[in-house]
Amino acid sequence: MGDKHYPDGILLGRARVPGLDQPRVVTVRGGDIVDITAKGMATVRDVAESGRAAEHVRNASGTVLGSADTILANSVAANLDPSRPSLLSPIDLQAIKASGVTFVVSLLERVIEEQARGDKSRADALRGEILDLIGTDLSELVPGSETAMKVKAALIEKGVWSQYLEVGIGPDAEIFTKGQPMSSVGYGAEVGLHPVSSWNNPEPEVALLVTSKGDIIGATLGNDVNLRDVEGRSALLLGKAKDNNASASLGPFVRLFDGDFTLESIKQSEIALRVVGEDGFVLEGHSSMSQISRTPESLVAATIGGHHQYPDGLVLYLGTMFAPVQDRGGVGKGFTHKLGDVVSISTSELGTLSNRVNLSTKCPPWTYGASHLLRDLAKADLL
């Protein structure tokens, strides 16, 4: 990838083009962003549902909008020139779903740390007790398995069971609605924090593009912006913690699966996170998709199937193992965002997704929904 913010491969996205009401479907060719919008293929949903998404994007005729580097630079909110093209979220009519507590290793480590209350020797003892019980490495623990149920029983006996552990190692995955179709923001946009929150963090994740038939056809990067204090008060506040204006970021592009890039590539991805604050604070971390406890296929199956259909397909955030704890603003206070933070999430397979943190009430309001898109497409005779 080098210094590029986008990878090689078959890329699918959306752009705002001056003089046109409706978002345009785009790809990247030879370092340029190309508008491939066509009648019947005028939305990312239509391309995804065609059954030949990669082939269509690879071969579709189009118009060059400009260099990818120039358009990405113009997509950064602080630099946005509305008279020039800029990127949008790479999805449109798809449902925006997310899965939580999908990395058992980090989940159980947090429980152990909480119970040990900072006492390393006690943490080591707790870890040893659990490992003695299950006879295996926690990273090999399969949620819902007989071994996982033994761990559950042991943790209940120790008084440390919680609803998060239930979805972390129990039989059922946590799947929730992150946002409404058309509500996600893309590369360079501001991401929003609800103003009631004083403890929050980014959640760097891979997100899968899934068709209405349940086929996984591509992937992108996502920031599942999280309000730790709100959700921490009650899991029933998950909607308030997760679904706010500009709180779902995706991009820069969906990379479609082909012979070289597959779901297996995603399973081996290394995700890097970098947060740079206006106060000079820098936070860096990374997570490995190889440590995910539930397979991407099982998370998709928990989302879509005979029990639940999505006629326009969906995008599914796969969860994160990274919970930032680096102190900011004082010893023992841990990490929380400050306004102006720039969050960058990167993988060699999917590029870099960067966004600046603001309050949801200060981010541009979400005003362009599915009805607006369909009306504009009809007016342009693109349906």
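## Salt bridges

The predicted model holds 19 salt bridges, a salt bridge being a side-chain nitrogen of Lys or Arg within 4 Å of a carboxyl oxygen of Asp or Glu. Side chains of opposite charge can pair when their charged atoms come close. Helices (H or I, at least four residues) and strands (E, at least two) are DSSP runs, numbered from the N terminus. Glu166 is partly exposed at 27% relative accessibility; buried means under 20% relative accessible area, exposed over 50%, and partly exposed in between (1.4 Å probe, protein chains only).

Glu297 and Lys267 form a salt bridge through their side chains, at 2.8 Å from N to O. Glu297 belongs to helix α11 and Lys267 to helix α10, so the pair ties together parts that are 30 residues apart in sequence. Glu297 is partly exposed, with a relative accessible area of 34%, whereas Lys267 is buried at 18%. In another salt bridge, the side chains of Glu284 and Arg274 meet at 2.3 Å, N to O. Here strand β15 (residues 282-288) supplies Glu284 and strand β14 (residues 270-276) supplies Arg274, so parts ten residues apart in sequence are tied together. Glu284 is exposed, with a relative accessible area of 54%, and Arg274 is partly exposed at 37%.

## Basis of the values

This is a predicted model, in which local features need pLDDT of at least 70 and side-chain atom pairs count only at pLDDT 80 or more, while totals for chains, interfaces and linings use all residues. Residues are numbered from 1 along each chain as its sequence is written, and side-chain values use heavy atoms, with hydrogens and water left out.

Strand β6 (residues 95-100) is mostly covered, with six of its six residues buried. Ala95, Lys97 and Ser99 point one way from the strand, and Ile96, Ala98 and Gly100 point the other way.

Two strands pair if DSSP finds at least two bridges between them. β6 pairs with strand β16 (residues 314-317) in the parallel sense over four bridges, and it runs antiparallel to strand β7 (residues 174-179), joined by five bridges. Ala98 has a bridge partner in each: Tyr317 in β16 and Phe176 in β7.

## Helix α11

In helix α11 (residues 296-303), the buried residues are Pro296, Leu299, Val300 and Thr303. Seen down the helix axis, these residues fall within an arc of 100°, so they line one face of α11; the arc is that of the directions from the helix axis to the C-beta atoms. They pack against β6, β7, β10 (204-210), β11 (216-224), α10 (263-267) and β16, contact meaning heavy atoms within 4.5 Å.

## Nonpolar cores

A nonpolar core is a set of buried Ala, Val, Leu, Ile, Met, Phe, Trp, Tyr and Cys residues joined through side-chain atoms within 4.5 Å. The largest has 56 residues, of which Ile33, Val206, Leu208, Phe253, Ile266, Met289 and Leu318 touch the most other members. Apart from this core lies another, of 27 residues, including Val47, Phe176, Val254 and Leu256.
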